[in-house]
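I opened this notebook to record what I looked up in one structure. The entries follow the order of my reading.

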Amino acid sequence: MIQALLVDDEHLALMNLELMLKEMPMVNVIGAYTDPAKAVQASAQLNPDVIFLDIEMPGLNGMMAAELLQIQCPRTKIVFLTAYNNYAVGAFELNALDYLLKPVKLERLLKTIQRLEEQKVEESADKHENKTVIRSFQSLRFQRCGQPLPSIRWRTSKSQELFAYLLHNRNRFVGKNHLIEMLWPNISYKKASTLLYTTIYQVRNCLKQAEIDLQINSVSTEGGYILETDNLLIDVMEWEKGIQALPAINHDNYAEHQRLFDFYAGDYLGDYDYLWAESERQRLRSIWLHHAMGMAEFCTSSDKIPEALTVYQRVVQMYPYFEQAHFGLMKVYNSIGERAAVEERYNLLAELLNRDLSIGPPAEITNWYEEWKQLNLRKL
């Protein structure tokens, strides 16, 4: 969300700008002032991403206010509002992001917001550029500056699982007894304790050799460990935050939705049979499937037929028992007159479910297919 602060001594103009911005799901108006001095005073605490600032104001005019605002919150972008073109040069000398002629038009305002979004993404990318990223979709791996790091050679499979479990419970206390019960349930407590200490040492050593800035802190008073991940990015967290932050798919944000759809490389820790990861695996999978079906429906309704087919086909490839993706493919094939493809897809689904699960397709899909078949027989 773009956090916006508005400053204009004309109450009606201020209200109109606020109404237009509040209609945009990517903008949050955190303050609106007719008094520029009060806006300057509040700006440091509000810390907005952008300030829409009228130039022609009595007393403390926009140019003067902008200099004070940049001292209070130097990272904040300024967008000047003016009724006169001749203020533009002065505005840009103050490193303003943009200036808007009054009365502000919605189409022009949208372009400014788009520029703000683009800059915010670039700044975020620069901020994260040198951070280490932990990838946990499908397999566990590390990346820095956009490049994969050499795979860590865990001494044992227990070392890898111990690290994965601490990562799964990142920044939270994990008890020693719990780890012993999970990793060495059939070994005496004394021997299992020795194995735990040895494995913790091996994990720390592997991380150190790979120059990965991760700390496994011992909590001796409680008998356990905490993996601190404040200095790293974790792909599942960044992906889920991106999904949650994006408004409903439309033509303007389709590319970002597509990026997040492609980012999902496979199930959470999908290469490993960790039972403790199954709940999170299912949860993230459900989010991706919901997002994927929304993508496919948008593409279908927007006449992006090849894109819709690609989405459905990827879902079917990754999760062949997800019947609704097969159903979506049948409907898209029908919309473009591919009768043979509709029939082939239904038969493939029916055979798959019968062979592997001893069930038939859901009634909804079977009823649709039977009606479709009757309709197409009449056309022959």
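**Source.** I note that this is a predicted model, in which local features need pLDDT of at least 70 and side-chain atom pairs count only at pLDDT 80 or more, while totals for chains, interfaces and linings use all residues. Residues are numbered from 1 along each chain as its sequence is written, and side-chain values use heavy atoms, without hydrogens and water.

**Cores.** I looked up the nonpolar cores, meaning sets of buried Ala, Val, Leu, Ile, Met, Phe, Trp, Tyr and Cys residues joined through side-chain atoms within 4.5 Å; buried means under 20% relative accessible area (1.4 Å probe, protein chains only). The largest has 76 residues, and Ile134, Phe142, Phe163, Leu207 and Leu269 have the most contacts inside it. Helix H11 gives the most to this core, nine residues; helices are DSSP runs of H or I with at least four residues, strands runs of E with at least two, numbered from the N terminus. Another core, apart from this one, has 19 residues, including Met20 and Ile113.

**Sheet.** I found an open sheet of four strands in the order S8-S7-S6-S12, with mixed pairing; two strands pair if DSSP finds at least two bridges between them. Its edge strands are S8 (147-148) and S12 (232-234). S7 (residues 141-144) pairs with S8 in the antiparallel sense over two bridges, and Arg144 has Gln147 in S8 as its bridge partner.

**Glu280.** I placed Glu280 in helix H11 (residues 278-301). Leaving out residues up to four places away in sequence, Glu280 touches His168 and Tyr268, where contact means heavy atoms within 4.5 Å.

Conventions: Buried means under 20% relative accessible area, exposed over 50%, partly exposed in between (1.4 Å probe, protein chains only).
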